[in-house]
Amino acid sequence: MPRLVSHPDEAIVLKRRFGQGAASIDKYVELEGYAAVQKAIAQGPDAMPNWIIDTMKASGLRGRGGAGFPTGLKWSFVPKTSAKPKYVLVNGDESEPGTCKDHLIFREDPHTIIEGAMIAGLAIGAKMGFIYLRGEYRYLLQIMEHAVAEAYERGYLGKNIFGSGLDFDIVTQTGAGAYEVGEESALMESLEGKRGVPRIRPPFPAVVGLYGGPTVINNVETIANVPHILLMGGEAYAKLGTERNGGTRLFGISGHVNRPGVYELPMGYSMRKAIYEVAGGIRDGKQLKAVVPGGSSCPVLRADEIDVGLDFDQMAKAGTMLGSGGIVVLDETVSIVEFALRTIKFYQHESCGWCIPCREGTDWIKKTLTRVYEGGGQKKDIDNVQYLAENMMGRTFCPLGDAAAMPTLGFVKKFRKEFEDYIEGKKAGTPLITVQELVGAGH
Amino acid sequence: MADVTITVDGKKLTAPAGTLLIEVCKSAGIEIPAFCYYPGLSLQAACRMCVVRQEKVPKLQTACTTQVAEGQVFFTDTPEVIQARKATLQLLLGNHPLDCPVCDAGGECELQDMTFKYGAADSFYAEPKNHREEQKWSPVVYFDRPRCILCYRCVRMCGEGMDVFALAVENRGSSSIIAPNVPAQLAPDNLAHLDCEQCGMCIDACPVGALTSGAYRYKTRPWEMNHVATICTHCGDGCKTTLGVRSTADGSEIVRGDNRDKSGINGDFLCNKGRYAFDFANNDARITQPLVRQPNGELKPASWEEALTLVGKKFSELRDARGGKTIGVIGGNRLTNEEAYLLQKFARSVLHTNNIDHHRTADYVTFAQALAGTANRTASLRETLTAKAVLLVGGDPTNQSPATAWNLRTNVRLNRAKLYIANSEAIKLRRQAKAFVHLAEYGYGPLAAYLSGDDAAASAAAADATSLASFRDAVKAEESLLILIGNDLRGAELKRLIDFGLTLPNAKFALLADYANSRGAADMGLLPDLLPGYTPIGPIDTQDPGSKIAIEYSSPTTPGLDLIEIFDAATAGNLSALYVVGANPVARYDVDPAALKNTFVVVQEMFLTETAALADVVLPAANLYEKSGSVTNSYGDLQQVKKAADRAGVRTDFEMIVRIADKMGADVRALVPFGQATAGTRADMGQTRGVQAGEADRYAVWLTANNLEPRLSPFDPNAILDEIQRLVPGYGDLLRLQLLSGNDQHLQPAAAPIKDNAGLVQISNRRDLVLPAGDTLFTSGSLTRYSASLNDLQQYQPRQTQIQIDQTSVE
């Protein structure tokens, strides 16, 4: 289990109840728990939905799953009236390598997820919420289910919540172990008991989502921020961050740093400071080689590219992405060839296989890089890998293809020299075999 | 939806808003390649071949999911789009075995065509391809995983189209594989296989050679065959099947059946019989020489001259000595209209008998008479695909009329048509039904009565009175209704149901029969008491147009014996001769062979059936795939039959009837009006000279230019089409060009309105004459035992049933 960490530069919003036993409802209520939802209900039934959505819009909160879509705007797309029931869906399929923030929220503050989902339900007029945990988070399911049971016991969930006359129910569900269902429409398929393959959009979930009903689907961290925003006010939250990037964010800093951990930093915080000050710098006095900034799908940054602010827009300008906030720090001991192979192995394994470019593209990149890694590479393999990745970009059915192509392109473009040296055998310690030997071995 | 205008590659195109871009482009002649897109099935956007550039949209868009809206601008052939498609093909070919030289689909493969077009032939990869062994999923379906491109057409075809759901995707990513519904662990031989209807639609939909037909694989290459589109001989739906034909030492052999051009009345659909059960034609048990019974009782081969001379002589003698009334004629359900017409004309005008009948699989006599005097009350098979509401009473289309079932399912799925079903069995189509009433045994009559307003009949119709009442209310509330009637209903019950339907403002009817030309046999008058077009036989009245046929034929004016009476007469020693053309009544009606011992029996057959085995002369006949002509399906849709295969030694029934008439000394020109001497014969379209539809008949051009007549032979069925058109009510409107170009046309039956109650005798008396064949998906009357594929599938089914039982017991 990860230890809780802290640093003076942190701007504590979401982490304020961490480490205090807030998974128990008594403690949660003592720490202003379920106050936000009551504050919303106090606005009166007519004003409440718009008040919530306006507050969310003012907060500048952008989706914490990785895409960074403004949350208030997303909620406002849900039609006011609908023949089919509306749903709130909390995406806890936290699977992006390098990302471990939702995990902490589930463990330390599960009630805030319940409360956030309730508020989202009140905002869009949904009576039902689902909290979907990735299959590997089964050990967190107990904590989450316990919290839901407590909320029902207190009468916070169910009929007539907090005397509002409105009902809200929550059901928890785990996945079966597929990265792909972190994609919102694949998650809905999975939740409906089907194969975890994305849906064609449009229609978007806000109009046709879970079981065909209008659905708001948000990342756990996004939803967990909601009660805090309602309590502190949208503008106050927005002020913590930078322009169009409101608030704070949980950054999971891992890899070759002295103090790895999940830190809550204001949006726009310097990446260099995050690595060298907050996370304590590179371990054992080694040199920084590269940073994967927002989960493994984000294009890599070289050591000389880390003077960048951690928000969606600055990262995009730097040619990469803020992603899910999982910063993986690589020191000089890392072989980029090996790291690229490890990365593509993950995406090849997790590709759902639905569309051709992703299914075949990830497979061939993996095969080619495997051969390069094992010493049978040729220079044209680097071109082939780049060609494959370029031809996957933007052409796949869902973003998984891009998620595999972007880091691959980053590695071969920014570290081409290292690939070439590796192929020429300048990297010690790897046996060289010929292509013929390799192909022959397979037959 | 209102029309919108979009721009594709600089061209302005107009289409209803919301139409899929790929369809808009297709209708404008702009090709958008696609593997996963299949019209009518759910959208996938999986193959990424149909990507196009849309102005102001950052990523390439898939044309198969893009709905057009006003002002959109698309580019379909920019270098970027072409590169995207080429890269996708390169990825597919990376793992493709490229075994095109031995692949069944070689030459008919969408992957080949696309590679040819985009030139994605370069190979980048040094690693071995993923390989899996081929799998036999059923006697008729084989799967080669390495060729599969995972377009999921088969999965959707089976689930959405067939409502069978026997195929699905297993595993994920590059390990994804299409898998059949019986996994290896549950199979007796530990091999995964299919438990399904064996329709072969998955093979049809497969764009590559991943799914291949057990009946065809590795037999030939597509370009070595001639492809002839003709009408399936099996059930009464009349689907178009394209037969792949190859020359052999003794004629030409059918090697494949499929639905190649999808231009038929069946649209996308073809069932297992149309696809595989052509193989009876190649059966070694075919008779290819006439057989004549010797004094010692044995059937011995004889020459055509000997056999035909004998038949002609005996028929003449017996007719002259004992009278035409002692001769019986039984026709078949798989003859062409021209043959059926000629047979009854021969019986009436040459043999001078009205003792003529056929195995009736549905009561078309009652059907025609109940609808006499109405107009536009019968439906085409095509209307089952478009009708807003359908009432299906009796029948089991899934098993007996698979194309009808396909259309109904498709109509419900795509058009949200309302399907009402009343049946004494829980037929599979109830899964598509808006309302299903489970009738009691013998509940059809009471149902017809109840629908007509007789509330007292409710309890005899069905146990559940409430659902019956709401069923009737719903059916009666429909603004327009297509009433499909199974052959469980006959006589008075059928008439009552039709009478009920006629009280509704916009009801149309169809009666489902069992074989390719069951309807045509009845329409053409293979009936003892009705002339062609259900014209009653009675005293000649020169004022009555109904007497026109009888006058031309100078045929007997009293009704003859029906099929059962013919055999009764034989038993009583009163039948001098029996002429059976393409039928097996001895087996079908369980006739005691001893009954025929004093009757001269002539049988025209493909095989030595129970009936043929009793014959004095057996004449080897061509089947429906070896002749030209026309057939009429259950609905009354007329279609052309084209000669596909050939077998040395056999003749068409048409030719044999004419030759027998000739041997009897009859005036052949009066029987078949051919040549210049007969007024009213319009020039044929050259089919007999081998001209295909749409092609100029250069022989006719030359003959005409030289003041010679484009001649018809007396064996040409087209020679009698004019007479059918002239004399048979209902067939007068047929459009010859429509027929000869391979299209279907719906004909309305035009039974003469019944003047008095005399005609209605049919309705109360004839029940026992209508004998539904009760075929399943894997039987087809007497042909079943001669079709290896049907036999294989029958043998294969029991183990499926066993598995189902096992699974049920687990549940």
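**Figure 1. Strands S7 and S9 of chain A pair in the antiparallel sense over 4 bridges.** This is a predicted model: local features need pLDDT of at least 70, side-chain atom pairs count only at pLDDT 80 or more, and totals for chains, interfaces and linings use all residues. Residues are numbered from 1 along each chain as its sequence is written, with chains lettered from A and ligands numbered from 1 in the order in which they are written. S7 covers residues 288-292. A:Val291 has A:Val329 of S9(A) as its bridge partner. Strands (E, at least two residues) and helices (H or I, at least four) are DSSP runs, numbered from the N terminus. Two strands pair if DSSP finds at least two bridges between them.

**Figure 2. Strand S5 of chain A runs parallel to S9(A).** S5 (residues 248-255) is joined to S9(A) by 4 bridges. A:Ile327 of S9(A) is the bridge partner of A:Ile253. In S9(A) (residues 326-331), 5 of the 6 residues are buried, so the strand is largely enclosed by the rest of the structure. Buried means that 20 or more other C-beta atoms, placed from the backbone, lie within 10 Å of the residue's own.

**Figure 3. Helix H16 of chain A is mostly covered.** Of its 15 residues, 12 are buried, including A:Met406, A:Pro407 and A:Phe411. Helices H13, H14, H15 and H17 of chain A are among what covers them.

**Figure 4. Chain B meets chain A.** Here 27 residues of chain B are in contact (C-beta atoms, placed from the backbone, within 7 Å) with 28 residues of chain A. Helix H2 (residues 79-95) of chain B gives the most to its side, with 7 residues.

How values were computed. Two residues are in contact if their C-beta atoms, placed from the backbone, lie within 7 Å.
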